[in-house]
Protein chains: 2
Amino acid sequence: MILDSETKASEHSEDHGDELRLWLRLLTCTTLIEGEVRRRLRERFDVTLPRFDLMAQLDKAPEGMTLSDVSKRMMVSNGNVTGLVERLVESGHIDRRTSETDRRVQMIRLTKLGRAEFRKMAAEHEIWIANVFAELSEKDVQDLMRLLAKTKLSARKTVPQKAV
Amino acid sequence: MILDSETKASEHSEDHGDELRLWLRLLTCTTLIEGEVRRRLRERFDVTLPRFDLMAQLDKAPEGMTLSDVSKRMMVSNGNVTGLVERLVESGHIDRRTSETDRRVQMIRLTKLGRAEFRKMAAEHEIWIANVFAELSEKDVQDLMRLLAKTKLSARKTVPQKAV
DNA sequence: CCGAATTACTTTAGGTTTAAAATGATTGAA
DNA sequence: TTCAATCATTTTAAACCTAAAGTAATTCGG
């Protein structure tokens, strides 16, 4: 196998500049969108983004979820969820009860109020997000979906998994 | 202009599901990568991500930056920067001095220690990021760069600009 | 059955983050 | 000049977030 000088050089000191720029761009897009969503949630509904995110998880699980489930789905620490849930119970948006079969487990679900408020917010939120991507063609959206799926798989391989 | 039923329907209740899924995927990728970078920075260098990010900004500006500059670049609030800078001055990584021409302005820059430590971390960081995207082809990377640039422009249009 | 390991959740300490108000310095228009 | 507006930064209050340690319940191998 013959290697030209460029390939040879890359063996020990590859150029990683493109990947770094890609990461920064990805981060910028997310931060930009997240900040705007946060601002609008506060302005329109006086709600924080983490509260909205947690309610979104519960809306997809009418039968309820455990705190651990929420923690994994939201990719945040257990302790973080404990505090968020505490405040959402306090404000009457979610309902928490200890599982009858396993007393370690807390099942939480949206209350009627919580569900109603979430649905109202979610409807607007979906329009905001559609606007965010308004200048992308349908093909752009599909391409981006595909590339991000690939990125997610690639990134996951660099994350050490818990032993099974 | 003739509209078929699908187009007609879309006038008032367009389907925004794809965009929403795209946003969630974007967010997942960023959260995943960010979490892993945070974990490694702590594990390898006992440093937090915000501290690293701030030092990265300063490394690109050898002549120094104002706190407002940093705030804009990092897309975080002013008050946040004040606290971060406070701790980085405390630990000897950055140097802060009041501008001679405008006493409202604080110029900050990396100290010798700060620069040395940052460079060491940045070298490893770059490799971690390259690994994150390792399964993407060179074309994938370029496509993703282009689509994210487009996304950024599109998203910016939905963010209300401050009056000039 | 029994004790070690695991699991679910909470607590703690410290740092991060925001929005909004406050402080002090500069600018600019009348 | 002068004072209202603007600007850079800090402060404040509350929430968010993590890592790590702690508590209590369950599971499982022997």
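## A look at strands and a helix

In this predicted model, B:Ile94 stands opposite B:Leu110, a residue of strand β3 of chain B.

B:Ile94 lies on the strand β2(B), residues 94-98, and five bridges tie β2(B) to β3(B) in an antiparallel arrangement. Strand β3(B), residues 106-110, also runs antiparallel to β1(B), residues 65-66, with two bridges between them. Here, B:Met65 is found opposite B:Ile108 of β3(B). The two pairings look like this side by side:

| Strand joined to β3(B) | Bridges | Direction |
|---|---|---|
| β1(B), residues 65-66 | two bridges | antiparallel |
| β2(B), residues 94-98 | five bridges | antiparallel |

Next comes helix α6 of chain B, residues 112-132. How far apart should its ends be? With 21 residues at 1.5 Å a residue, α6(B) should span 30 Å, and its end C-alpha atoms are 30 Å apart, so the two values agree.

Which residues of α6(B) are buried? They are B:Gly114, B:Phe118, B:Met121, B:His125, B:Trp128, B:Ile129, B:Ala130 and B:Val132. Their cover comes from both chains: it includes α2 and α7 of chain A, along with α2, α3 and β3 of chain B.

Of its 164 residues, 41% are buried. Chain A exposes about 10100 Å², with carbon and sulfur atoms supplying 50% of that area. Among its contacts between residues at least 6 apart in sequence, 52% join residues at least 24 apart.

Terms used:
Residues are numbered from 1 along each chain as its sequence is written. Chains are lettered from A and ligands numbered from 1 in the order in which they are written. This is a predicted model: local features need pLDDT of at least 70, side-chain atom pairs count only at pLDDT 80 or more; totals for chains, interfaces and linings use all residues. Side-chain values use heavy atoms; hydrogens and water are left out. Two strands pair if DSSP finds at least two bridges between them. Helices (H or I, at least four residues) and strands (E, at least two) are DSSP runs, numbered from the N terminus. The expected span of a helix is 1.5 Å times one less than its number of residues. Buried means under 20% relative accessible area, exposed over 50%, partly exposed in between (1.4 Å probe, protein chains only). Contact means heavy atoms within 4.5 Å. Accessible areas come from the Shrake-Rupley method with a 1.4 Å probe; for residues, only the protein chains shown count as cover.
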